[in-house]
Amino acid sequence: ELIFETLTPKPKWYLLVPVLFSMTIISIVLITFYHKIALLTLLLIVTNCFIHYQNKNNIQNYILSFPQLLKLLKASILLKNLKLPVKNKYEISKAIESIKEVKRRLFFVSLDDLMESDFAILFWFILEIFKSFFLIEVMSFFNALKAIDDRRKDIHQLFSYIGYLDVILSTAALRKGLPYFCKPDFTEKKRVMNLKEIYHPLIVDCKANDLEINDKSILLTGSNMSGKTTFVRTVAINNIFAQTLY
């Protein structure tokens with residue numbers, strides 16, 4: 001969603017947020033000199049709290065994707081520190097630094113309310129009061145969305161980086177568990193297929209077979225339970241693996 005979907009736009013009432021923030025700060029400062037302004041301050045705080053909790057509905061839409069983005073960033077940093085032999089190291093480093101800015105902007109957005117200790121609950125409670133009184137979370141949330149929207153390319157870069165390493169690791173693990181394998185040779189000719197000692201990778205001690213097709217179709221015959229369907233599936237899965245996992 002953060003890469004391809006349209007993010008939540010700023011609502012019309014967001015124009016009031018900076019104004020309410022400034023007025024709340026000013027009114028709190030002026031209370032010391034003008035006690036009668038306390039009623040206005042209370043009204044501002046109540047309004048801010050209403051907007052704060054009303055915006056929780058918008059945050060709820062990202063309660064899963066924001067933490068996943070932070071996990072993506074953490075995984076990318078760990079993999080980068082391993083100094084793996086990838087071609088685009090500079091682009092990855094640049095993307096990581098770019099997404100770190102998004103992480104900083106998400107600091108005041110509540111992504112997980114699961115508290116592990118009494119101290120954490122107390123800290124969360126104080127922080128929640130601070131955020132609701134001054135609309136900090138609302139501003140942080142929409143600023144983070146803007147930062148994410150501006151960095152879609154960098155997020156996609158890290159997403160592809162993790163995906164690439166995940167694929168080659170899975171491919172290596174698959175090959176290690178196979179009795180034998182080979183790298184395919186592709187041809188420009190159509191309706192040509194030459195397979196040597198192919199077997200179904202999910203069948204233990206599977207019988208290997210050869211197959212050569214050259215501009216002709218094949219009628220596969222045999223008795224029931226002799227392996228016709230398994231052989232057809234073997235041809236299919238080897239073709240798929242050849243063109244995907246190489």
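Two aromatic rings, from Phe, Tyr or Trp, form a pair if their centres lie within 6.5 Å. The model shown here is a predicted one, and it holds eleven such aromatic pairs. A pair of aromatic rings is described by the distance of the centres and the angle of the planes. For F66 and F141 the centres are 6.2 Å apart and the planes stand at 65 degrees, which makes the pair edge-to-face. F66 belongs to helix α4, residues 65–81, while F141 belongs to helix α7, residues 136–150, so the pair ties together parts that are 75 residues apart in sequence. Both F66 and F141 are buried. These two rings are also members of a cluster, in which ring pairs link them with W13, Y14, Y62 and F142.

On the α4 side the contact is made by L69, L70, L73, S76, I77 and K80, and on the α5 side by S93, I96, I99, K100, V102 and K103. Sorted by class, the residues where α4 meets α5 are seven nonpolar, two polar and three charged.

Helix α4 also packs against α8. Here the angle is about 60 degrees and the axes are again separated by 10 Å. Angles from 65 to 115 degrees count as roughly perpendicular and those under 35 as roughly parallel; α4 and α8 are therefore oblique to each other. The crossing of α4 and α8 is left-handed. L69, L72, A75, S76, L79 and K80 of α4 meet I155, L158, F159, Y161, I162 and L165 of α8. Ten residues of this contact between α4 and α8 are nonpolar, one is polar and one is charged.

The remaining pairing to follow is that of α5 with α8. Helix α8 covers residues 152–176, and its axis lies 9 Å from that of α5, at an angle of about 125 degrees. The helices α5 and α8 are therefore oblique to each other. Helix α5 passes α8 in a left-handed crossing. Helix α5 contributes E91, I92, A95, I96, S98 and I99 to the contact, and α8 contributes D154, I155, Q157, L158 and Y161. The contact of α5 with α8 comprises seven nonpolar, two polar and two charged residues.

One residue of this contact can be looked at more closely. S98 sits in α5, which spans residues 89–105. How accessible is S98? Its relative accessible area is 15%, and S98 is buried because that value is under the 20% cut-off. Apart from residues up to four places away in sequence, S98 touches R151 and D154.

With 12% relative accessibility, S110 counts as buried. When neighbours within four places in sequence are set aside, the residues in contact with S110 are K56, I59, I63, W124, E128, K131 and E137. T32, by comparison, is 78 residues from S110 in sequence, and their C-alpha atoms are 32 Å apart in space.

Two residues have a backbone angle to note. L135 is not a glycine, yet its phi is positive, at about 60 degrees. L135 is found in the loop between α6, residues 118–134, and α7. The relative accessible area of L135 is 0%, and this residue is buried. E197 is likewise not a glycine and has a positive phi, of about 50 degrees. E197 is found in strand β1, which runs over residues 192–198. Is E197 buried, or partly exposed? At 48% relative accessibility, E197 counts as partly exposed.

The last stop is helix α1, residues 16–31, where M23 is found. M23 has a relative accessible area of 36% and is partly exposed. Between the C-alpha atoms of M23 and I45 the separation is 10.0 Å, and the two residues are 22 residues apart along the chain.

How values were computed
Residues numbered from 1 in each chain as written. Predicted model: local features only at pLDDT ≥ 70, side-chain atom pairs only at ≥ 80, totals over all residues. Heavy atoms only, no water. Helix = DSSP H or I, 4+ residues; strand = E, 2+ residues; numbered from the N terminus. Buried < 20%, exposed > 50% of the residue type's maximum accessible area, 1.4 Å probe, protein only. Contact = heavy atoms within 4.5 Å. Axes fitted to C-alpha atoms, helices over the stretch in contact; angles between N-to-C directions. Parallel < 35°, antiparallel > 145°, perpendicular 65-115°, else oblique. Left-handed = near helix turned anticlockwise from the far one by under 90°. Nonpolar A, V, L, I, M, F, W, Y, C, P; charged D, E, K, R; others polar. Phe/Tyr/Trp six-rings, centres within 6.5 Å; stacked < 30°, edge-to-face > 60°.
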